[in-house]
Amino acid sequence: MPEITRDEVAHLADLARIDLSDAELDHLAPQLNVILESVASIRGVAGDDVPPTSHAIPLTNVFRDDVVVPGLTAEQALSGAPAHEQQRFAVPRILGDEQ
Amino acid sequence: MTELLSFEEALEKFDPALGLEVHVELNTASKMFCGCPTGFGADPNTQVCPTCLGLPGAMPVVNRVAVESAMRIGLALNCEIAEWCRFARKNYFYPDMPKNFQTSQYDEPIAFEGYLDVAVPIEGGDGESFRVEIERAHMEEDTGKSLHVGGASGRIHGADYSLVDYNRAGIPLIEIVTKPIMGTRDQAPEIAKAYVAQLRELIVALGVSDARMDQGSIRADVNLSLSPAGDGALGTRTETKNVNSLRSVERAVRYEMRRHAAILDGGGSILQETRHWHEDTGITTSGREKSDAEDYRYFPEPDLVPVAPSHEWVEELRSTLPEPPRVRRSRLQGDWGFSDLEMRDTIGAGALGLVEETVAAGASPQAARKWWLSEMARRANDAGVEITGLGVTPAQVAEVQRLVDAGSLNDKLARQVFDGLLAGEGTPAEIVAARNLAIVSDDGALGAAVDNAIAANPDVADKIRDGKVAAAGALIGAVMKEMRGQADAGRVRELILEKLS
Amino acid sequence: MTSTQDWTRRTAAELADALAAGEVTSVELTQAHLDRIDAVDGAVHAFLHVDAEGALAKAGDADERRRAGTPRSTLDGVPIAVKDVLATRGLPTTCGSKILEGWVPPYDATVVARLRAAGLPILGKTNMDEFAMGSSTEHSAYGPTHNPWDLTRIPGGSGGGSAAAVTAFEAPLAIGTDTGGSIRQPAAVTGTIGVKPTYGGVSRYGLVALANSLDQAGPVTRTVLDAALLHEVIGGHDPLDSTSVDKPLPGLVEAARLGATGDLTGVTIGVVTELGGEGYQSGVLARFQESVDLMVAAGAEVVEVSCPHFVHALAAYYLILPAEASSNLAKFDAMRYGLRVLPDGVESPSAEEVMRATRDAGFGDEVKRRIILGTYALSSGYYDAYYGQAQKVRTLITRDFEAAFAKADVLVSPTAPTTAFKLGEKLDDPLAMYLNDLATIPANLAGVPGISVPSGLAVEDGLPTGVQILAPALADDRVYRVGAALEALLAREWGGPLMDQAPPLVEEGESA
């Protein structure tokens, strides 16, 4: 049976950029384990010969033409911004390098 | 001060393996997944829409021309084109990525298993090319751009905050990844540079991108690892970013080889990480640790449906491909009558296209080669730019050569015209006029200068009268000095001999 | 007062007819519904935002068009409520979350654009479980909605607000969204109609995504005909949605009218073995059986079909949904819109620190649970075992449906295993909450259309139950035909619509 430890939950919260409090970590891990136990029943149900379905309806090759279409004005784009300056989104200092 | 082993010693003890990841920004009119314009230099956040801004609820739709460009790049690189492939989400957080995932391709790239035959001199063989194997070419989208405020020199470290512009977010990118490149030995830096240069030429020939390293429409990341000489296995690699010119590609490879060698030779091990190249100081510095801690959690993009190019579509695109590079190089060499060495030098300087255009503008191949490989290459090197970014056009070079051929300029004066061109003083003809550079062909003026030279150098004049024609050189020099170089040396010589016969 | 109450009790089709006949104006209708909202929404809490000014202005425009004889559509001027998960330009869109408190989108979802183009005034945005994660609307960051049948009970979820609005006569029509039953299950527990269209049948552009491969927007109404009328307004191909079906909608209104005759001769109905039995409340099952018997009496054939992989549907769903959602919700990071929270006691926090603090403060427990679960299911080493497997089980479920539809024209089951439970009853047990979706989830996994039709009140508690009717993908007309037939047959049994049996909501400030 799979089990998520508190540490693993902390790591996952890290990947998901959520700052969980100790209290939250304490009660999330057991809840997740209960859920995981029930969904774990899925393992082994489908054999290797069963292809995965990513879309209910089998469409392919949906494209748009390479033409310019009017978008938002800068004002509209920035309308929800918590902070902006010089017509750009102002964000707190970024650690680490660009990818 | 980071320890480095000498290049020679590094190669005695270790074999390099290279990997190059090149990103090409396509020149489509609209973005990869929406209809926003892609033009460079617009006011911040004026080329955005709900989709490329990542607003809640917005959805992507694939740009058909971007897919075609991806396929054409793949075909030009001798790749197989996928019969069926999907987009995938690469999940990670970064403020210049509006959705905090990049819509890319993961295990189903549109093109894979290809190669590029790179023209480089191969030592000890008659071959003139090295085959770089291509693992894949896939479609993805570019990120926004950040300005970092408050730190030193606008760099990210030490900045107080950042300002983000999403105009660039969503512009189509094609990522081209090589397989590990083995067996390059001491030519590793050269081959890396040549690969990027020639890949670039191919992209430009396809017409799918401007591919300017100085403008970021083509970007190269360099991967390097060393293994003990003869070992064969792959060592731990580092990735180097911020390699913004062909020159940097070569230098970065060389530097990393020496750095890795010093560590390994001293019994240490290489930290798998991303490093940052500094062109000014010629070193790499440590960036982020490239560990598996950044799990991208790839899964197929559920808002997009698969791309399944038909056989007909692929063949239609194949018929639009330009001449393969090898064939083109052969043809041009034949047309121009260049020796193998002249050809290799031209290609090595990244000047093949420039020479071709200069010839098309009317110059002789040899003249074109001469100007680009000596004069322009030197100036580009001094200015720290690529030869293509110098600011002198093939048409201008051809024009200058035309003036030389017509006798209005000599080589020395031509160089002053190039000074003027780079300073933006106008056309060659305008510069010649404004700077008064034209060769004086008026025999009257020349004759007066010759008379002056004869009068000032009576002993030399006597020698010439006595038949020592070689002595004329000193008088020619004097005349040229008086004429500030604006004289045809041949005509001066004739006049001197006439007057002293 | 009596006359305004009359208007709010009419169906949308009746209102459309009245508008066309000049018996009433859209402004009067809209005002009547706004008055009703004022009177009862304090108790029901169906709405998160009411746009009286905007709705009346649009109503005025509709009236002008009617006077000029140029209505934009059959429903021009009939007011509507929209679930707060769809982007509405100029109106706040919170998705029931604190992290989007106050966000006003600069664009309209395609569904909203089509409503506007058809002339329907938008009354406001309705309450929902946060980011559509839930089956009771208790996970809304803005407080729960109350079931108008019994205000101490849940209205279903995630679209409890839209269902309650229609149940309480605050709107004749509403738009909901359905990812695992979020339109159909609230319909069942509130005695109303809810339709999940074929996947891709209605545009998702502007629908804030929960699970992209499962979500669909659809009609929430009091009658099947109303749902068909609304579906025809919002449905159809959208070039802005790559997953939208590029085929014309079949005639839905036509099918509903045909079904309303109550004649089901020639129709084979499949009862799904796995969607019933243990775990289903006896009153729910009893009402379901009665509905099946009625349909047989009306000429239908019944067969029993087994869909053996349906027992794994819940597991597949609770792996696929969190995985897709965990990625969809990454964009809420305090950088471009929405909440920004600075971490306590940190001077000059970094972007990362602000992201983390904001997401912890802005997301509720259920959302965090699913994000963590989804991140786990996608992480390296677990992908194949969880997400990968779930996608395969999806294939098996789709095949089960195909085999079943080879034997029957439509499939039927109870929509939800129980009637409306008490507020707070299942909050501490996430798994118990998930079981509400048992019967509805398979349709989302396979992309097939479904409707919930009220099937009467459960004997033990007097609360509404619903019957679910499913059809093959793209055969939405079948859902409307059989749904309309069942509705008509039941109305004959009851002597009128089920809503006539609803307890009157005490209107605030009015004498009883």
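**Reading rings, strands and charges**

Me: Phe401(C) is buried, with a relative accessible area of 2%. What does "buried" mean as a cut-off?

Reply: Buried is under 20% relative accessible area, exposed is over 50%, and partly exposed lies in between, using a 1.4 Å probe and protein chains only. Before we go on, this is a predicted model, where local features need pLDDT of at least 70, side-chain atom pairs count only at pLDDT 80 or more, and totals for chains, interfaces and linings use all residues, while side-chain values use heavy atoms, without hydrogens and water. Residues count from 1 along each chain as its sequence is written, and chains are lettered from A, with ligands numbered from 1, in the order in which they are written.

Me: Okay, aromatics. How many aromatic pairs are there over all chains?

Reply: A pair of aromatic rings is described by the distance of the centres and the angle of the planes. Here, rings of Phe, Tyr and Trp (its six-membered ring) pair if their centres lie within 6.5 Å; planes under 30 degrees apart are stacked, over 60 edge-to-face, and the rest tilted. The whole structure holds 23 aromatic pairs over all chains. Take Trp103(C) and Tyr337(C): the ring centres are 5.8 Å apart and the planes at 40°, so call that pair tilted. Trp103(C) is in the loop between β2 (80-83) and α5 (110-118) of chain C and Tyr337(C) in the loop between α11 (313-328) and α12 (351-362), so the pair ties together parts 234 residues apart in sequence. Those labels are DSSP runs numbered from the N terminus: helices are H or I of at least four residues, strands E of at least two. Both Trp103(C) and Tyr337(C) are buried. They also share one aromatic cluster with Phe131(C), Phe332(C) and Phe363(C).

Me: Which ring does the charged end of Lys426(C) sit over?

Reply: The test is NZ of Lys or CZ of Arg within 6 Å of the ring centre and within 35 degrees of the ring normal. Lys426(C) sits over Phe421(C), 4.4 Å from the ring centre. In chain B, Arg131(B) lies over the face of Tyr115(B) at 3.6 Å.

Me: In which sense do β5(C) and β6 of chain C pair?

Reply: Two strands pair if DSSP finds at least two bridges between them. β5(C) and β6 (216-221) pair in the antiparallel sense over two bridges, with Gly194(C) opposite Val220(C). On β10 (450-457) the pairing with β5(C) is antiparallel over three bridges, and Val195(C) stands opposite Ile451(C).

Me: Now the salt bridges. How many are there between chain A and chain C?

Reply: Side chains of opposite charge can pair when their charged atoms come close. The rule is a side-chain nitrogen of Lys or Arg within 4 Å of a carboxyl oxygen of Asp or Glu. Between chain A and chain C the count is three. Among them, Asp14(A) meets Arg356(C) at 2.7 Å, N to O. Glu352(C) bridges to Arg17(A), with the closest N and O atoms 3.0 Å apart. That pair runs from helix α12 of chain C to the loop between α1 (6-15) and α2 (22-39) of chain A. Glu352(C) is partly exposed at 22%, whereas Arg17(A) is buried at 8%.

Me: How many residues of chain A are in contact with chain C?

Reply: With contact meaning heavy atoms within 4.5 Å, 56 residues of chain A touch 60 of chain C.
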